[in-house]
Amino acid sequence: ETAPVDALRALATQRFPDDIATVGAAFGFLLQGTGYQLQSTADPCQALLFAQPLPVAHRQLGPITVRHALAVLAGPAYRPVVDTLYRRVTFELAVEATVNVEPSCSSE
């Protein structure tokens, strides 16, 4: 019997098509075929992250695990949060980042 494979730990080489213009769109594209979905929340910090333009340096990634690619795309201010029960991925501010955020973009 083979052990189950964690789809987010699979190695991938990813090149994002030209029509993927934002970090949020890149997250959704990256998760295709993994069985996981991107979950949006009402968090203004997450909305800010999803709306950021996809950096040219991130248009091609890999080989890299999907989980690490999510972290690279999010940047050091955010941490991916994986819900393995409902197979959803969302993002929260990293603790270190909360020192420099606007009050409207803080979890406190």
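View 1. Proline 63 is part of strand β3; helices (H or I, at least four residues) and strands (E, at least two) are DSSP runs, numbered from the N terminus. The peptide bond leading from glycine 62 to proline 63 is cis, and its omega is near 0°. A word on what you are looking at: this is a predicted model, in which local features need pLDDT of at least 70 and side-chain atom pairs count only at pLDDT 80 or more, while totals for chains, interfaces and linings use all residues. Residues are numbered from 1 along each chain as its sequence is written, and side-chain values use heavy atoms, with hydrogens and water left out.

**View 2. An open sheet with three strands.** The strands of this sheet follow the order β2-β5-β4, and their pairing is mixed. At the edges stand β2 and β4, each with a single partner strand, so one side of each has no neighbour in the sheet. Two strands count as paired if DSSP finds at least two bridges between them. Strand β2 (residues 37-38) runs parallel to β5 (residues 88-93), with two bridges, and glutamine 37 has arginine 88 as its bridge partner in β5. Strand β4 (residues 78-83) pairs with β5 in the antiparallel sense, over six bridges. Look there for valine 82 opposite valine 89, and for valine 81 opposite threonine 90.

View 3. Where does arginine 87 sit? Its place is the loop between β4 and β5, a hairpin with four residues between the strands. Arginine 87 is not a glycine, yet its phi is positive, at about 55°. The relative accessible area of arginine 87 is 35%, so this residue counts as partly exposed; buried means under 20% relative accessible area, exposed over 50%, and partly exposed in between (1.4 Å probe, protein chains only). Arginine 87 also lies over the face of tyrosine 36, at 4.4 Å from the ring centre. A charge is said to sit over a ring if NZ of Lys or CZ of Arg is within 6 Å of the ring centre and within 35 degrees of the ring normal.

**View 4. Helix α1 and its buried side.** Helix α1 covers residues 23-31. Its buried residues are Val23, Gly24, Ala26, Phe27, Leu30 and Leu31. These residues cover an arc of only 160° around the axis, which puts them on the same side of α1; the arc is that of the directions from the helix axis to the C-beta atoms. Among the elements that cover them are β1, β2, α2, α3 and β5. After α1 comes glycine 33, with a positive phi near 85°.

**View 5. Helix α2 and its buried face.** Which residues of α2 are buried? They are Cys45, Gln46, Leu49 and Phe50. Seen down the axis of α2, they fall within an arc of 135°, so they line one face of the helix. These residues pack against α1, β2, α3, β4 and β5.

View 6. In the whole structure, a search finds four aromatic pairs. One of these joins phenylalanine 27 and phenylalanine 50: the ring centres are 5.8 Å apart and the planes stand at 70°, so the pair is edge-to-face. Rings of Phe, Tyr and Trp (its six-membered ring) pair if their centres lie within 6.5 Å; planes under 30 degrees apart count as stacked, over 60 as edge-to-face and the rest as tilted. Because phenylalanine 27 lies in helix α1 and phenylalanine 50 in helix α2, the pair ties together parts that are 23 residues apart in sequence. Phenylalanine 27 is buried, with a relative accessible area of 0%, and phenylalanine 50 is buried too, at 13%. Together with Phe91, Phe27 and Phe50 form one aromatic cluster.

**View 7. The largest nonpolar core.** This core has 24 residues, and those with the most contacts inside it are Phe16, Phe27, Leu49, Leu73 and Phe91. A nonpolar core is a set of buried Ala, Val, Leu, Ile, Met, Phe, Trp, Tyr and Cys residues joined through side-chain atoms within 4.5 Å. The elements giving two or more residues to the core are α1, α2, β3, α3 and β5. Leucine 49 touches Val23, Phe27, Ala74, Tyr78 and Phe91, leaving aside residues up to four places away in sequence; contact means heavy atoms within 4.5 Å.
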